[in-house]
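Morning, everyone. I have one model to show you, and a few minutes to do it. Please take a look before I start.

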Amino acid sequence: MKAVRYTLLTVAMLVSGCASSSGTDANSSQQVSWWNPLSYHWSAALPWNWFGSSLTATEQGVGGINGSTTMTEAAIKEGLKGKYDLRQGMRGHNGQVVSFWQAMDDGKVMLVIYGQTQVDRIEVLDSRIASADGSKIGDAFSAKFDKAFNNCVLASGLDTRDVECRAPNSQHLRYVYSGTWHGPEGLMPSDDTLKSWTLSKIVWQR
């Protein structure tokens, strides 16, 4: 009889223990947060989303800035994807007041945007911005042109010692080249001299 009572007591304890363990496991499973790969936003892990996309100078403009962009800080910052600090300025030129925005990075001017109510001209000095044909600041004149004739003119404005060339097959892009020139002002440097000059500005003109 004692053996039967002992057996019944043991069985009761085992059943109780199993129920307790089962309850603990059920409670634990409710606290576990399972990772579902189908619900993960895999686009965030793609390499091309690790960095912001770069700006490009095209026939339409630079980045998101074009001839319809208003000369306001908000519009220009949006067009440049918030990549630069902006500084507004004005200066006189040929008896006219010229308004502009400078896009700054680490205290250096990277772009200058001109216009009155809307953008008329963009000057790119940032070597990280390429044109549609791949040209970048620092490229040699000889990488794009064989000669200045029918391609280039003397630059105007603040760059009178430079040479401005129309980008091949473009209506709106100009390349400004700078270099050493000991000839008289107002005279186009020779093609041999220009070969060593480098691209100092990419200009978009409306």
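I will go through the core, the strands, the disulfide and the cavity.

First, the ground rules. This is a predicted model, where local features need pLDDT of at least 70 and side-chain atom pairs count only at pLDDT 80 or more, while totals for chains, interfaces and linings use all residues. Residues are numbered from 1 along each chain as its sequence is written, and side-chain values use heavy atoms, with hydrogens and water left out.

Now the core. A nonpolar core here is a set of buried Ala, Val, Leu, Ile, Met, Phe, Trp, Tyr and Cys residues joined through side-chain atoms within 4.5 Å. Buried means under 20% relative accessible area, exposed over 50%, partly exposed in between, with a 1.4 Å probe and protein chains only. The largest core has 34 residues. Which of them touch the most other members? Leu80, Leu111, Ile113 and Ile122. Strands S5, S6, S7, S10, S11 and S12 each give two or more residues to this core. Strands are DSSP runs of E, at least two residues, numbered from the N terminus.

Take Leu111. Beyond four places away in sequence, its contacts (heavy atoms within 4.5 Å) include Val62, Leu80, Trp101 and Ile122.

Next, S7, residues 119–124. Five of its six residues are buried. Strands pair if DSSP finds at least two bridges between them. S7 pairs with S6 in the antiparallel sense, over five bridges. A hairpin of three residues connects the two. Tyr114 sits opposite Arg121 in S7. S7 also runs antiparallel to S12, with four bridges. There, Ile122 faces Trp204 in S12.

On to the disulfide, meaning a pair of cysteine sulfur atoms within 2.5 Å. The whole structure has one. Cys152 and Cys165 form it, with sulfurs 2.0 Å apart. Cys152 is in S9 and Cys165 in S10, 13 residues apart. Why is the disulfide right-handed? Because the torsion about the S-S bond of Cys152 and Cys165 is about 100 degrees. Cys152 counts as buried, at 10% relative accessibility. Cys165 is buried too, at 0%.

Last, the cavity. On a 1 Å grid over the protein atoms alone, that is a set of points where a 1.4 Å probe fits but cannot get out; lining residues have an atom within 4 Å of a point. The search finds one cavity of 30 Å³ or more. The largest cavity has a volume of about 50 Å³, counted as the space filled by probe spheres set on the points, which are joined across faces, edges and corners. Its lining includes Leu154, Val163, Trp181 and Trp197.

That's my tour. Over to you.

How values were computed. On a 1 Å grid over the protein atoms alone, a cavity is a set of points where a 1.4 Å probe fits but cannot get out, and a pocket is an open set with protein on both sides within 12 Å along at least five of seven lines; lining residues have an atom within 4 Å of a point.
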